[in-house]
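The following note sets out a few points for a reader who is new to protein structures. Please read each point with the structure in view.

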Amino acid sequence: MQYVTSSVRESDARTRDRVARAVLEHGPVTASELAVRLGVTAAAVRRHLERMLADGLVETHQGPSYGRRGRGRPARRFVLTDAGHAAMTTAYDDLATSALRFLAERQGRQAVEAFARARVAELEQRYAPRVAAAGEDVPSRADALAEALSADGYAASTRPVGAGPGAGVTQLCQGHCPVQHVAAEFPELCEAETEAFSRLLGVHVQRLATLAHGEHVCTTHVPAVPAPAAAAEPQGRNS
């Protein structure tokens, strides 16, 4: 009997971990959407979400929802709290922050910038072949970048934004960041990453929100057309 109870608890813990990971990757997300993704009942998902709410690991998202809204009261959408993110990371934030403070005090903020660029250079080098294999289509390249980021634990995804003339614009979202708390004090880390995304995708991207500044996800605006190349093309034909 004790063995059975232990097995049930272990299974329950695994399901809760899966729910937490799915909220991290897909939030803001409803219990019903999580149930479909995880292949479990909505009642089971709601039970875990209520526990996580009580523990301060998730919260209901107050921002705009995506997709069509039916009649009646809208379903609650969940995101991880700062405590939820902290529970899922093994980054040594205090040590990293102290090291960068020491670097900035001894050699100035330009040294921090150099460190940030060096940090993303290795990721950029590894991601480049995968992104290039996606072809010239910018949304496809963004999808490939999101897949590469997710493989490294960033819980990344893409979503199309806009309609009509604005169609094709993409938002690249990262639900997890291993240096989230460090970047709150040293935004150079986010800036270097954004510059790397621009080079990888071949367009000028813009960071709209970051986990470091208290948002529930890092969001990067990816335009559909590489504007600099488009502006330079007529000059090339006239030369």
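1. Helices (H or I, at least four residues) and strands (E, at least two) are DSSP runs, numbered from the N terminus. By this rule, the chain has ten helices and six strands. Thr219 lies in strand E6.

2. The model is predicted: local features need pLDDT of at least 70, side-chain atom pairs count only at pLDDT 80 or more, and totals for chains, interfaces and linings use all residues. Residues are numbered from 1 along each chain as its sequence is written, and side-chain values use heavy atoms, with hydrogens and water left out.

3. Of the 239 residues in the chain, 38% are buried (under 20% relative accessible area, with exposed meaning over 50% and partly exposed in between; 1.4 Å probe, protein chains only). Contact means heavy atoms within 4.5 Å. Among contacts between residues at least 6 apart in sequence, 56% join residues at least 24 apart.

4. Strand E6 (residues 218–222) is mostly covered, as four of its five residues are buried. Thr219 counts as buried because its relative accessibility is 9%. Leaving aside residues up to four places away in sequence, Thr219 touches Gln171, Leu172, Cys173, Gln206, Arg207, Leu208 and Ala209.

5. Which strands pair with E6? Two strands pair if DSSP finds at least two bridges between them. Strand E4 (residues 169–174) pairs with E6 in the antiparallel sense over five bridges; Gln174 has Cys218 of E6 as its bridge partner. Strand E5 (residues 206–209) also runs antiparallel to E6, and three bridges join the two. Here the bridge partner of Arg207 is Thr220 in E6. As a general rule, side chains in a regular strand alternate between the two faces of the sheet.

6. The axes of helix H2 (residues 31–38) and helix H3 (residues 42–54) come within 8 Å and cross at roughly 120°. Axes are lines fitted to C-alpha atoms, for helices over the stretch in contact, and angles run from 0 to 180 degrees between N-to-C directions. The contact is made by Ala31, Ser32, Leu34 and Ala35 of H2 and by Ala42, Val45, Arg46 and Leu49 of H3. These residues divide into six nonpolar, one polar and one charged (Ala, Val, Leu, Ile, Met, Phe, Trp, Tyr, Cys and Pro count as nonpolar, Asp, Glu, Lys and Arg as charged, and the others, Gly among them, as polar).
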